[in-house]
Amino acid sequence: MNIESLMWLIPAFPLAAFFLIILFTNRSNFISHTLALLGAGLSWLASMYIFIQAVRAGDLAKLPFGSSLAWLPTGSTTLKIGVQVDPLTAITLFFVAWTVLMIFIYSVPYHNYGAPKGEEDRPGLPPQGATVRERTHGKKSGAGRSLHVVPSVEPLYARFFALISLFAFAMFTLVLSDNLLILYVGWEIMGFCSYMLIGFWYGKPSARDAMVKAFMTTRLGDVFMLLGVVALYSVTGSMNYSAIFQHTQALAASSGILGLSWAGLIAILLFIGVIGKSAQFPLHVWLPDAMEGPTPVSAMIHAATMVSAGIYLGLRFFPLATMGWAPGQAQTIPMTTMAIIGTFTALFSATMALAQNDIKRVLAYSTISQLGFMVAALGVGAYVAAAFHLVTHAFFKALLFLSSGSVIHGVEHGVLHTGDHDVDAQNMFNMGGLRTKMPVTFWTFLIGGLSLAGFPLITSGFWSKDNILADAFNGGHYVVFGVLAVTAFLTAFYTMRQITLTFLGEARTRSAEHASENSWVMLFPLVVLAVFAVSLGWVGIPADFPVLGGLVPNWFGTYVGTMVSGVELPAGHSPTPLLTSLVVSLGGLYLGWRVYRDVRVGQPDPVQKAIPSVYKLLKNKYYIDEFYNLAFVRPAKWFAETVSYKWIDRGLIDGFLHFIARGAWVVGTVLRVGFDVPVVNGTGDAVSAGTRGLGGIMRRWQIGRIQQYMILTILAVVVVGGIYYAFVFFVP
Amino acid sequence: MIPLAWYLVFSIALFCIGLFGVLSRKNAVVILMGIELMLNAVNINLIAFWRYFFAGSSQQEPTRALAFVAIVFVAAAAEAAVGLALIISAYRRRETVVAEDMNLLKG
C-alpha cells in the first residue's frame, strides 16, 4: 500500500471502531474493546510505518508526503482537504500513536474487564464494587467460603471505548490534516469527546459541572480561533499550511486592528484557541476539574494528548507568529504575548500544584505548568525545544497519569477490601509506603516523576527542559529564563512531594496497607511508556553539551529544525543554563524528599505549618474559581435570570406580546360593539326580520281558496289587458 | 245565415257561465264542469271563425282548425279524467268534495 492512502486510513480505523461499537456491538464488552483496540492498533501500525518512511525521506520539510482532494468549490477557488506528513507531523504522529494505543490497552483492566457486575452499580456512576463468595480467599477465616468485595466492571464499558475511539480519530485527523479547517474539525470533535469523557460519570454533580466548565472554557478559546481561521482564509484564500505562508505580502499588510499586521492578528486569535485547549492562564481552570473523568484515562487524554493539540497548533502557526522576525531581533507582538502567558502560566500553576492533595490534580497542574514551558518556548522562538518538550512531556505525563491511575486503582482495591469507604483513594495523604505493595507502579511512576522534575542526564524531561532554558538564556530573555528556572525548581519539589507521600515511608491508612499491584495488562503500558520517558531524551542532546554532546548526534534538533530553517536560534556556549537546570532539579527533589519524608497519619502538610497563609492561597488556587464565579458565572446567571428572563423575556417580549394582545382586544371590542353588532349583525337581523315580517304579512294573503286566487287573476288580467288595450288603441 | 257575432256572443255567454261556475261554486265537481264549459266556449269560437273565414278556401288546409278543436277536446277529456280522479282520491281521504276544505297546504 502506498503511503498516501495509508495516511488517509490512519484516522479511519478508530472512526470505524467508534461507529461499529455505537451502532452494533455496544452490548458486548468483549467485542467492543476488541474493536477499539484493533482500530487503535492498526492506526499505530500505519503511523509507525509512516514515521519510519518520514524519517528516511530526505528534505521532508520542503517536500512533505501529502495527498489532497477538492472538497468545496467556492466560486473561483476550490477548497481542498488533504493529509500531509512533514517532520512535525511525523513526531506528533509518533507520540500520539504510542500514547493512544497505551491508553486503549490500559483502559481494559482499568475498567475492570471480566469482573462481576456490581449490585449497586448504575450507569453514569463509578462502579461501587461487587460482593462475591470466593472460595480461595477464606483461608484465614477457615470457613472455606467468605463474602468478599471485589471491584466491579464499569456499567458503561462499551460506551467508554466508543468515545475514546472517536477521540483517537479526532486526534489523528488533527495531526494529519494539511489545512487549518480540518484541523479545526478535529479540534472540535476532541472538544466534544472531552466533554463526554469528563462527564462520563454523569451521575455525579461535580462531573456534570466539570464537563460544562471544560466545554464552555475551551469554546471560549475556540470562538477566537475560528475568527482567526476565517481571517486567514479571507486574507490568503487558502487553508493549506504550505499555501498560507506563500502569501507573505498579504499577511504582512496592516489589519487596522491594534496596529497589528494580519499575520500578527491571526496569530493572536489562533493563540487564544491554544490558550483554551492547552489550558493556559486565564483559561486554565477547566483542566484540574477535568480530573472528574474516569481516573486516569480521561485525565490522561485531557492532560497528555488533547492539550498537546494546542501546542501542535502553536507550532503550526509558528511561521505566522514570527513573521518578519529573526533570531536576535526584538520579538513580534504574538511572540511576546506567548512568552508572557506561557511563563506566567508555568510559574502560576506550579505554585498551585504545591498545595494539592489529590494525586491527579497535582499532575493536572503540572501539566498546565509544562504546557506553559512550551508556550513560553514558542514565545522566545525556540521552535525545536518546544516540539521536543511536547514529545517528551506527552510520554512522561502519560506515564505519570497512567501510574497514578494504577495507584488509585490499587488503593481502591484496598478500600473495597477493608470496607473503609470514607477513605479518599485519590488523596496522597491516605497513601504512603506503596513502594513495596506496588513495585512496578512505583518504579514507573518514579521514572515519570524524575523525568518531569528534569533529573539530570538520564531522563528525557531533563534534555527537553534544558533545551528550553538554554534557548531562553541564549536568546537574552533573562526574565523568561529566571521564571522558568524557578518553576523547574517548584516542579521538582512537588514531584518529589508526590512520590514521597505516595510511595515512601509507612502506609497511613489500612486501605493503603491492603493496596495491591495491578494486573500485567495494566502495567504493560506503564513499562512501555517508561522506556520512552527515559530514552527519548537521548535523541535530542544538544551538540554543544559538555562531554555527551559529541557522542550522540542531535537527531531531533536536525530533523525538526528543517521545519524552521532560516530562523534557527544561535547555539549558546554559556554553562549557566546547564548549571541552573542541575541545581533546580536536584535541589527541588532533595528538598521535596526532605520536607515530606516523615509525614505521619493525621499530620497537616509541612508547608501548611510553615507558611499557612500562602498555603491557604495556593490550596484555594488563588481563588480564581471563586473570582470567575463572582465575575462571570454569577453575573451570567444574574443576567440570564434577571435581565434575559425577567426583563427581556418576561418584561419586554412577553410585555410587548401582552400589549399587542390587549390592544388587539380593545380594537376588537370597539369593532364588535361599534361595527359588527350594529352594522353587520343589524343588517343580517334586519334582512331576516324583514323577510319574516313580510312573510307574516303576505301569508295572510295566502288564504288557500283557489277560486279567490282565480278572481284575482282574472281581475289582474282584465286590468292589465285593459291598460294594454287602452295604450294600443287609444293612445295616439 | 246567422251572423258570426251571434256565435261569438253565444260563446262569450257560455264562457262566462263556465267562469261563474268555476268562481262561485264550492263543489269541486261543479268547478270541473265549469272548466269544461269554458273549454267548449273556446271550441265554439274556433269553429265559428273557421266556418266564416276559412271553410272552402283552397289556399288554406280546410281541416286545420278542426284538428285544433279535436286537440282541445282531447285536452278537456284528459283534464276531466285526471281532475275527477283527483277529486275522488281527495274525497276518499277527506270525505269531502268542497274546494275550501282542501286546505292542507295552508300554513
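How are helices α14(A) and α15(A) oriented to each other? The tour reaches that pair at its third stop.

This is a predicted model, in which local features need pLDDT of at least 70, side-chain atom pairs count only at pLDDT 80 or more, and totals for chains, interfaces and linings use all residues. Residues are numbered from 1 along each chain as its sequence is written, while chains are lettered from A and ligands numbered from 1 in the order in which they are written.

**Stop 1: the whole chain.** Select chain A. Its secondary structure comes to 28 helices and four strands; helices (H or I, at least four residues) and strands (E, at least two) are DSSP runs, numbered from the N terminus. The radius of gyration, taken over C-alpha atoms, is 38 Å for chain A, well over the 27 Å that the globule rule gives for 732 residues, so the chain is more spread out than a compact globule. That rule is 2.2 Å times the number of residues to the power 0.38. Along its principal axes the C-alpha trace spans about 155 × 80 × 60 Å.

Next, colour by domain, with bounds from an automatic or database domain assignment: domain 1 (1-114 + 157-178), domain 2 (380-612), domain 3 (620-693) and domain 4 (702-732). The C-alpha centres of domain 3 and domain 4 of chain A are 71 Å apart.

**Stop 2: a hairpin.** Select residues 65-74 (strand β1) and 77-85 (strand β2) of chain A, which pair in the antiparallel sense over nine bridges. Strands pair if DSSP finds at least two bridges between them. Two residues lie between these strands, and A:G75 in the turn has a positive phi of about 65°. A:P73 stands opposite A:T78 in β2(A).

**Stop 3: two helices.** Select α14 (residues 359-379) and α15 (residues 383-418) of chain A, whose axes come within 10 Å and cross at roughly 180°. Axes are lines fitted to C-alpha atoms, for helices over the stretch in contact, and angles run from 0 to 180 degrees between N-to-C directions. α14(A) and α15(A) are therefore roughly antiparallel to each other, a term for angles over 145 degrees.

**Stop 4: A:A36.** This residue is found in helix α2 (residues 29-56) of chain A. A:A36 counts as buried because it has 29 C-beta neighbours inside 10 Å; the cut-off is 20 or more other C-beta atoms within 10 Å, with C-beta atoms placed from the backbone. Leaving aside neighbours within four places in sequence, A:A36 is in contact (C-beta atoms within 7 Å) with residues including A:A17, A:F104 and A:F161.

How values were computed:
Parallel < 35°, antiparallel > 145°, perpendicular 65-115°, else oblique. Buried ≥ 20, exposed ≤ 12 C-beta atoms within 10 Å, placed from the backbone. Contact = placed C-beta atoms within 7 Å.
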